[in-house]
Amino acid sequence: MIYLAAEHFVRAPQWTWYILFYFFFAGLSGGSYALATLLRLVGEPRDEAAARLGFYASFVALLVCPVLLTADLAASWWKFWHMLINVTPGDQGLNFKYWSPITLGVWVLSVFAVFAAVSALESFALDRRDRGTVGDPGRPMGGILGRAFNVVGGILALLFASYTGVLLSVSNQPIWSDTWMLGGLFLASGLSGSAALIALMSRYRPKAAFSLGRLHEADGYFSILELVLLVAFFITIIAAGTAGMTVQLLPLWLLALVGIGSSLVAARGQMRIRPMGGAAVVARAGTDTLVVSLLVLLGVLALRAAVIFSAQ
Amino acid sequence: MATTITPGESYGFFTDTSICIGCKACEVACKEWNQLQGDSPQFLADSYDNTGQLDAQNWRHVKFIDNVPEQTAKAGDGRAFLMMSDVCKHCKHASCMEVCPTGAIIRTEFDTVFIQQDVCNGCRNCVAACPYSVIAMNQSTGTAHKCTLCYDRLQGGLEPACAKACPTQSIKFGPLAELQQAADVRLAALQSQGITQAQLYGRDDKVYGGLNAFFLLMDKPETYGLPNEDNAGLPSRNDVGGYVVGLVTAALGVIAGIVAFRRRGAS
C-alpha cells in the first residue's frame, strides 16, 4: 500500500531546530560510517585514507547528536535517561518498544556510539602509526574480527541514518504519516551528504585524494536513489491530499534539488572516465569539490527542513 | 445518584452533545480542580469560544461549531450551532501510549490513560501521535499534559469535576458498560424523533478500539474535528512500510557503494 490518505486533526509537536540539526548530523554520522566501512572492505588499499576520514566524520557528527536531543527536551532535559530505563513502578527495567522508532533510535544511537568511537580511535592510532611514511596507508587493525566489527557498525549506521524518517512517519501528522518514503529518503540523502563530506575532507588530506572520484561517483548513485524516493514521496502525499501544505516551502525543496543536481553533475565526470578493467581513478571532479560538497550538504539540510516544517 | 468507583473496572465519559448548552461549566470545574491557570485571555472573534483548543491548560474545551446554513430563508432548518465539550478520549488503543518511549503514559486501574509527570521527559512524540490534538506541552514543566479523567478524584471515590459540574448532564460519568447502555437508549430516542443524523462516536471498537470518553454527535465526526473510522489509524500502521523502504534503500545504497568503490585493478 502506498496510498495513505488521511484527514488529520492532530497538533504539531514543535520539533524544530534542535531536531532538524539532529536529523542532519544523524544522517551524516550514519552515512559516513557506512561509506567508510565500504571503502575499507571493497575499496583499494589506497582508499583506506578516505575510510579513516569517514570514521572521523562519523564520530564527530555523532558527538553533536545527544547534545541536540537533550537540549530539545528543554526543562525536562535531566530526564533524558528515561528513554532507556523504565522507572514506572511495577514495570521497571530497560525500555525497549521495538514498534516505537524513537525507542529504537535511542538504543541504536547508544550502541552505534561505541562502534563510531572505537573506529575513530582505531583510525587515529593508524594515522599515528603511518605518520611520516610515504605510500599507501597501513592495513587496519583486527584482521577479520576488525572487519566484522566494521560490518556490524555499518549496519547500525544505516539504521541510524534512516530511522529518523521512519520516526516521522510513525505519527499521525499530515505529510509525515501519509508516506512510507521518509526512512529511505533520509538514508539516501544522508549517504549522499556523507560522500560529499568525505570528499570535502579529502581535499585537505593528500593521501585521501585517490578516493575523490569514487566518492563523487557514489554520491551520484545515492542522488539518483534520493531523486527516485523524492518523486515517490511527492506521489504519495499528492495522493493523500496533503501536498498543498508543503508548497510554501518551495525554496527549501529547490535547495534540496540543487544539492541532488550538484551531486549528479560532479558524478557525471567520474562515470565517464571510469577505467576499463585497469587503472584506478585518480581524477578530480570537473566541478570544484568544495562548491559541490557544500551545495550537497546544504541540500541535505534543506530536505530535512522541508519535511520537518511541512507538517508544522 | 453517586457512582461507586471500584479499581479494576472501566470508567469513562459519555458526552451527549445534543443537550450541551455551551455554558463551559466543565471547563471551569476542570481548571479549578486541577489547578490549571488557563492561557492568557484572548478574543478569537469566533462565536463564544475563546478557549480555542485543548492544550496543557485546557483539558476540557467546549467547541462551538457553526452549523447554521448560509441561506437563512428556511430559518436554519432546525439547525444551530453544534456544541461539544471535548476532552481526552482515553482510547482503548491509544496512539500516545503506543509511541511513548519512556513508559510515562500508562493505563490506570480505572482503564483510563494517564501521563506520569515525574516520568515524562517532554519528547513530544505523543503530541505528534494523538489524532485528537489533545496532548500539549507545558513549557514550564517541560512535560506533556492532558485530561487525567480526574485520577485523583477517582482514587478518592469522587466523580470527575467536569461531570459533576455539568448542569444539563451532557457529560455523564460512570462504568463504561452502563454509559454505553445509556447512549444506546438516548440514540434510539433521538432517532425515533426523526433526528437521523444523530450518531454515536467511539461507542464501539471501530475507532481506536473504542473510546472510554465517547460522544453522541449531531453530525458526522469530521464536522466536530474528529477523524472518522477510515481515518482513525494508529501510528504503528506505518512501521513496516517505513522500515521496508529504508531496508530496500539501504540494500541499494550498499550496492551503489560497492559499484563505486570496488577494486579495479592496480594503477
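## Contact between chains A and B

In this predicted model, the contact draws on 65 residues of chain A and 58 residues of chain B. On the side of chain A that touches chain B, the elements giving two or more residues are helix H1 (17-42), helix H3 (101-130), helix H4 (143-169), helix H5 (182-202) and helix H6 (212-240) of chain A. H6(A) supplies the largest share of that side, with 7 residues. Sorted by class, the side of chain A that touches chain B holds 36 nonpolar, 20 polar and 9 charged residues.

## Helix packing in chain A

Packed helices are described here by two quantities, the angle between their axes and the distance between the axes. H1(A) packs with helix H2 (residues 48-72) of chain A at an angle of about 155 degrees, and their axes are 7 Å apart. Because angles over 145 degrees count as roughly antiparallel, H1(A) is roughly antiparallel to H2(A). The crossing in which H1(A) passes H2(A) is left-handed. By class, 22 nonpolar, 4 polar and 3 charged residues take part in the contact of H1(A) with H2(A).

H2(A) also meets H5(A): the axes of H2(A) and H5(A) come within 9 Å and cross at roughly 115 degrees. The crossing of H2(A) and H5(A) is right-handed. On H2(A), the contact is made by A:Ala50, A:Leu53, A:Gly54 and A:Ala57, and on H5(A) by A:Leu197, A:Ile198, A:Met201 and A:Ser202. The residues of the contact of H2(A) with H5(A) comprise 6 nonpolar, 2 polar and no charged.

## A loop residue of chain A

A:Arg46 lies in the loop between H1 and H2 of chain A. A:Arg46 has 19 other C-beta atoms within 10 Å and is therefore partly exposed, since a buried residue needs 20 or more such neighbours. Although A:Arg46 and A:Phe210 are 164 residues apart along the chain, their C-alpha atoms are separated by 6.8 Å.

## Overall organisation of chain B

Chain B contains 7 helices and 10 strands. The C-alpha trace of chain B spans about 90 × 50 × 40 Å along its principal axes. Of the 267 residues in chain B, 46% are buried.

## The mixed sheet of chain B

Four strands of chain B form an open sheet in the order S8-S1-S10-S9, with mixed pairing. Strand S8 (171-175) and strand S9 (199-201) of chain B stand at the edges; each has a single partner strand, so one side of each is left without a neighbour in the sheet. On average, and with direction ignored, neighbouring strands of this sheet are turned by 20 degrees against each other.

S9(B) runs antiparallel to strand S10 (residues 213-217) of chain B, and 3 bridges join the two. In this pair, B:Tyr201 stands opposite B:Phe215 in S10(B). Helix H6 (residues 176-192) of chain B packs on the sheet and touches strand S1 (11-16), S8, S9 and S10 of chain B. The direction of this helix makes about 135 degrees with that of S8(B).

Strand S3 (residues 82-86) of chain B is mostly covered, with 5 of its 5 residues buried. In a regular strand the side chains alternate between the two faces of the sheet. In S3(B), B:Leu82, B:Met84 and B:Asp86 point one way, B:Met83 and B:Ser85 point the other way, and all are buried.

The pairing of S3(B) with strand S2 (residues 61-65) of chain B is antiparallel and extends over 5 bridges. Within this pairing, B:Lys63 stands opposite B:Met84 in S3(B).

## A helix residue of chain B

B:Tyr151 is located in helix H4 (residues 151-155) of chain B. With 17 C-beta neighbours inside 10 Å, B:Tyr151 counts as partly exposed. Leaving aside residues up to four places away in sequence, B:Tyr151 touches B:Thr108, B:Thr112 and B:Phe114. B:Asn138 is 13 residues from B:Tyr151 in sequence, and the two are 19 Å apart in space, C-alpha to C-alpha.

Key:
Residues numbered from 1 in each chain as written. Chains lettered and ligands numbered in written order. Predicted model: local features only at pLDDT ≥ 70, side-chain atom pairs only at ≥ 80, totals over all residues. Contact = placed C-beta atoms within 7 Å. Nonpolar A, V, L, I, M, F, W, Y, C, P; charged D, E, K, R; others polar. Buried ≥ 20, exposed ≤ 12 C-beta atoms within 10 Å, placed from the backbone. Pairing = 2+ DSSP bridges. Axes fitted to C-alpha atoms, helices over the stretch in contact; angles between N-to-C directions. Parallel < 35°, antiparallel > 145°, perpendicular 65-115°, else oblique. Left-handed = near helix turned anticlockwise from the far one by under 90°.
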